Amino acid sequence: MNNDKNGIPAICGGSPVRDKKLYYSHQDINDKDIAAVVEVLKSDYLTTGPAITEMERKLCEITGAKYAVAISNDTAALHIACLAAGVGEGDEVITTPITFAASANCAFYCGGRPVFADIDPETYQIDPADVERKITDKTKAVIPVDYTGQTADLQAIRDICDKHGLVMIEDAAHSIGTKYNGVHVGTLADMTTFSFHAVKTITGGEGGAIVTNDEELYKKLILLRTHGITRDESLMEHESDGPWYYEQLLLAPNYRLTDMQAALICSQLDRLPEFVERRKAIRKKYDDAFSKMPELFVQKEDKNSDSCRHLYILRIVPEKLKIGRKEFFDALGAENIICNVHYIPTYYFPYYEKMGYKKGLCPNAEKLYDEMITIPLYAAMTDEDAENVIAAVTKIVEYYRK
């Protein structure tokens, strides 16, 4: 145990590594981003206008997908992707438990049921072998999640889906800016969904999108985004009464995105290369520092994934420390390094318990949850910020190592 005052954790009476709190994530908004939103506010269109079209064009350009659908958020995107895939009463959708609940809830929204496959213990991505084990005659779709911004083993999952006739919906909420086998995420799955929530790499405050190469899916998604209503005469079942005429062809929600949000997203998309470069630089600093500490395990990178990390997961090795995850988390907080945990296994929640799910379904995921902490990682962090995080982690490891 280090008795030097500077080596004593703040939680034990030492001095914190920094005076100002550093949070696990934060948006990066510049004057150009603000000007883009102001321009829309001064325009004729606040929603369903030209900024939406421009956002969709940029997403196609970045991802290489043929079609993009701007939508209110990634939860909405997952919902209508499942509807477009034909998920209905009694169908099963396989996904990971280490994700935000929306990745699984979308199956329930459609009358189906999520089935959880375990994760790879080193990359933390959904395990393709366990996906295949969980397939039944009720399985309709698989939703791999690009957890932390690294891709899942997309080709393996693509092969499984093709073999069993399943729809593949990639939840890329974390992975805008990530490449798989040299290609930006968005073209290997039947549909790929993105999130532009406030803490994501690209933000619109809220917002989402779906990209696809399938024209029929695209047409369904456009209908499902806006009440099931169309003004496209080629889709109408009755003769038009005039230029005001439209038809509702199916029952669907209103998941439109505003032009204000789309303008911010467009401006942020122009900054994606700088965001990717900065996030990679911080991640490398962390990897270099933490890989030297046997008390910590550094998330492994799939060889096919060139990742823009949305989250950095610090994983403790409990048998090498005198404290557990909760104490480590609290000790970092006392150093003014404000962390989070991503994620509680989805089937731990009371709603899922009431639906018959029990602990023990995915042992690797459950062990990861017990040992992980999300530490700060975002593009606006300075080198000093990153060094403060490393210093705080180092101080706690050295003080509490066995």
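User: How do I read the packing of helix α2 (residues 50-63) against α8, and at what angle do the axes cross?

Analyst: Two packed helices are described by the angle between their axes and the distance between the axes. In this predicted model, the axes of α2 and α8 come within 8 Å and cross at roughly 30°. Axes are lines fitted to C-alpha atoms, for helices over the stretch in contact, with angles from 0 to 180 degrees between N-to-C directions. Helices here are DSSP runs (H or I, at least four residues), and strands are runs of E (at least two), numbered from the N terminus.

User: Which class does α2 fall into relative to α8?

Analyst: α2 is roughly parallel to α8. The classes are roughly parallel (under 35 degrees), roughly antiparallel (over 145), roughly perpendicular (65 to 115) and oblique (the rest). The crossing is left-handed: the near helix is turned anticlockwise from the far one by less than a right angle, whereas clockwise is right-handed.

User: Which residues make the contact?

Analyst: Contact means heavy atoms within 4.5 Å. From α2, the residues include Ile 52, Met 55, Leu 59 and Ile 62. From α8, they include Ala 262, Ile 265, Cys 266 and Leu 269. By class, the contact has 11 nonpolar, no polar and 4 charged residues. Nonpolar covers Ala, Val, Leu, Ile, Met, Phe, Trp, Tyr, Cys and Pro; charged covers Asp, Glu, Lys and Arg; the others, Gly among them, are polar.

User: How many salt bridges are there?

Analyst: Side chains of opposite charge can pair when their charged atoms come close. A salt bridge needs a side-chain nitrogen of Lys or Arg within 4 Å of a carboxyl oxygen of Asp or Glu. The count is 27. Asp 28 pairs with Arg 271, with the closest N and O atoms 3.2 Å apart. The partners lie 243 residues apart, Asp 28 between β1 (22-23) and α1 (31-41), Arg 271 between α8 (259-270) and α9 (272-290).

User: Is Arg 271 buried or exposed?

Analyst: Buried, at 7% relative accessible area. Buried means under 20%, exposed over 50%, partly exposed in between (1.4 Å probe, protein chains only). Asp 28, Asp 33, Arg 271 and Glu 274 are linked in a network of salt bridges.

User: What separates Asp 130 and Arg 133 along helix α5?

Analyst: About one helical turn, since they are 3 residues apart. Their salt bridge spans 3.2 Å, N to O. Asp 130 is buried at 9%, but Arg 133 is exposed at 58%.

User: What conventions apply?

Analyst: Residues are numbered from 1 along each chain as its sequence is written. Local features need pLDDT of at least 70, side-chain atom pairs count only at pLDDT 80 or more, totals for chains, interfaces and linings use all residues, and side-chain values use heavy atoms, leaving out hydrogens and water.
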